[in-house]
There are 2 protein chains.
Amino acid sequence: MDKRVIEKETVPDQILQLGLGFWGSKTLLSAVELGVFSALAAGPIRSDALIERLGIHQRSARDFLDALVALGMLNREGDHYANTAATDLFLDRRKPSYIGGLLEMANARLYPFWGSLTEALQTGEPQNEAKHGGDLFESLYADPARLTAFLQAMTGVSMGSARAIATQFPWRDYKHFADIGTAQGGLPVQVALANPHLSGVGFDLPPIRPHFEAHIAANSLSDRIVFQEGNFFADPLPSVEVLVMGHVLHDWGLEQKRELIGKAYEALPNGGALIVYETIIDDERRQNAFGLLMSLNMLIETREGFDYTGSDCMGWIREAGFSSARVEPLAGAESMVVGVK
Amino acid sequence: MDKRVIEKETVPDQILQLGLGFWGSKTLLSAVELGVFSALAAGPIRSDALIERLGIHQRSARDFLDALVALGMLNREGDHYANTAATDLFLDRRKPSYIGGLLEMANARLYPFWGSLTEALQTGEPQNEAKHGGDLFESLYADPARLTAFLQAMTGVSMGSARAIATQFPWRDYKHFADIGTAQGGLPVQVALANPHLSGVGFDLPPIRPHFEAHIAANSLSDRIVFQEGNFFADPLPSVEVLVMGHVLHDWGLEQKRELIGKAYEALPNGGALIVYETIIDDERRQNAFGLLMSLNMLIETREGFDYTGSDCMGWIREAGFSSARVEPLAGAESMVVGVK
C-alpha cells in the first residue's frame, strides 16, 4: 500500500490526545486538591481574588483556570470564574454530595501508583501500599477524617446506580433487603426513599457504624434502616429477601467471588434475589473501557481482584444454584446482575 | 433550588471520567513501553502468543489488551489482536512515521513530573530535571539513540501541521524559506515536496545536523534543502523570504518571544513573511483545552515558557513592525500565525 495514501487518511491526534490525557486528568485532580470548587461554592469570584485565595503563583494561574473552563469543569463570565452545576454539586467539600474524596485519593495515591502500571502488568502484583507492606484499609480505618471523606465519596459515586436500582428492580415483590459492604448506606437510602414499604439492613465492619448511622439519620430513615456489624467472609449474611453487593466482588479473586455468591444463596429464601452491581464489562469486552480500566485498577490495588462481564457473573450465580440470572444496565458505565433463587 | 431536582439532572460521570482519565492514558503509555504495537506490526497475533511475547503476567493481560481495544488502539478478531491503521502507522517502532518516542518520553518523564503539578502551580517553578539541577536537552544531546527517537517523534507530531502549511500558505509568491529550530526537517520536507519551485534551510544547533541531513536525503531533497548551524538567540537568522517557527516560541518567556519575533523581522525583506505555528490557544481561551494544557506542560518543563492566543501573537508581531498579521487553523489543535513585513 502507498504509505502517503495511508498517512493522508490517518492522523495521530487520537493517539496523542489519549497518550497525553493525563494532563487534563491531573489538572482536575490538582484543582480538587487546591479547593478550587469549594472556593467558588458561594458564587463567582474575580480571577485575581480567586488566584490569591487558592495560593497559586501568577505564572500559570490563568492557564490552569482557563484549562478547567475548556475541560468543562468551570464557567467564566467576563473576569469571574464560577462552578458548573455538576462541579458545584459534586466538588464542593461542604456539600453532602461531594465526591472529591475519591479524586483526592486518586490524586494522592492512584496517580503515582499507576505510574508503575508496566511493572504491575509484568509481575501481576499490586503497586499500592501493599508493595511496601502497608494496607490501605487499615490506615483508612485509623484516620476518621480520611475515612469520612472516602465513605462520602463512595456514596456520591454510587448515587446514580443506587437510584437506578431503587426504581428498576421489582421491589414491590419484597419487604426486606440488606446491602453488603454498605459504607455510609448510600444504596439503602435511595432504595428506601423510593420504596416506603421496604425496611433494610446495612452490613459492614464495626468502624463503619457511626458513619452509616449519621447518614441514615440525616435522611430520616433510622426507623426503617439499621446497621448490622459483620465481616462478609467470617460471618453469615443477613437473612432477608434481597441481598445487594455493590463494588464488592471486583475487589476479590475468583474463589472469593464464588464464596460470597454462595453465601448469598445460603442466606436467601426461595424466590429471594441477589443484586450485584459495579462497572460490569460488556460480554464482548470491546465497549466498556472504564470497566476494563477499573479491572486494571484492581491489579494496582489488590492481590487477586478483577472486574468481569455480565456473562461471567451470571455463570457464577447459576453455578451457585440460583434458578435465573439477568443483566440490566444502570447509570453511566455500571450494570447490575440479578440472580433469583 | 431543590437539591433533588439538581441531582436528578446532574451526574458525576463526566467528572469521574476526566479525574480518572489518567487510567486510559497510562494504559496506552505502558502499551508503547511494552512494544505492543511493534509486536503486532507483522500482522495479528493470538492472545497467548502475544502475552508471551510481551512478557506480561497472565493475571491482567487480557484486561490490558481488551482495554486497548475499547480505547480504539487495537482491533480484536476472534482470539487475535491486531493494530488499527493509526496505531500501526504511528506506534510501530520500525516505521519512520513512529511518534511513540514522544509517548515514551511522556511515560518516562512527563507522567511522573505532572504528579507535581500542584507544586508547580503554587511555586511557578518547573518540575522536570531542572528541579534537581539537570537539563533535558543536554542529556538528550548526549545520547544519540534517545535524540533520534525524540527528533523522529517531533517529525511525526508536526506532520499534520507541516502538510497543512505546505498547501495553505501562498508559497507561489516566494522562492526561499527557512525553518527555525527545524529538528529533523519535517516541515521543510513537506513544504518542498508540495512546492517544487522552493528551496529551503533548516536552522538548528550543531548536534542536529546528521539527523537533519539523513531525513532530507531519505526524502531525496538534498538538492533543495540544506542545514545551517546556529543558535537562534546568539546568531542571526537566515536571510530568506519566509521564516517558520514551529513549537519554538512557547518554550520561552515573553521577552524572548519578542526577541525572536524581532530577529525574524530584521532578517526578512519587505514583503517577507513569518509563520509561527503550534497549539495556539483560541482568543476566548475557552475551546482549545489541549493548547491550555500544553501551556501547563511548559510550566512543568521550562522556567518561563507558555502558550498563547492568536491575538497575543498577532500583537507581538505587529509591535515588531510587521505590516499585517493573521491566524489560520491547521490540523488538530494547532494553528499558524502569519506576519507579513
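Residues are numbered from 1 along each chain as its sequence is written, while chains are lettered from A in the order in which they are written. In this predicted model, local features need pLDDT of at least 70, side-chain atom pairs count only at pLDDT 80 or more, and totals for chains, interfaces and linings use all residues; side-chain values use heavy atoms, with hydrogens and water left out.

The contact (heavy atoms within 4.5 Å) involves 94 residues from chain A and 95 residues from chain B. The two chains bury about 8000 Å² between them, with carbon and sulfur atoms giving 66% of that area. Buried area here is the accessible area (1.4 Å probe) that two parts lose on being put together, summed over both. Of the area that chain B buries against chain A, 10% is supplied by B:Ile15, B:Trp23 and B:Arg59, more than any other three residues.

Polar pairing also spans the interface. There are 39 residue pairs in polar contact between chain B and chain A, both residues being at pLDDT 80 or more. A polar contact is a pair of N or O atoms within 3.5 Å; within protein, one must be able to donate a hydrogen and the other to accept it, and residues adjacent in sequence count only if both atoms are side-chain atoms. The side of chain B that touches chain A comprises 48 nonpolar, 28 polar and 19 charged residues, where Asp, Glu, Lys and Arg count as charged, Ala, Val, Leu, Ile, Met, Phe, Trp, Tyr, Cys and Pro as nonpolar, and the others, Gly among them, as polar.

Side chains of opposite charge can pair when their charged atoms come close. A salt bridge requires a side-chain nitrogen of Lys or Arg within 4 Å of a carboxyl oxygen of Asp or Glu. Four salt bridges lie between chain B and chain A, and the count over all chains is 38. One salt bridge joins A:Asp66 to B:Arg285 at 2.6 Å, N to O. Both of these residues belong to a network of salt bridges that also includes A:Asp63 and A:Arg76.

Other salt bridges lie within a single chain. In chain A, A:Arg46 meets A:Asp48 at 2.7 Å, N to O. In chain B, B:Glu229 pairs with B:Arg209, their closest N and O atoms being 3.1 Å apart.
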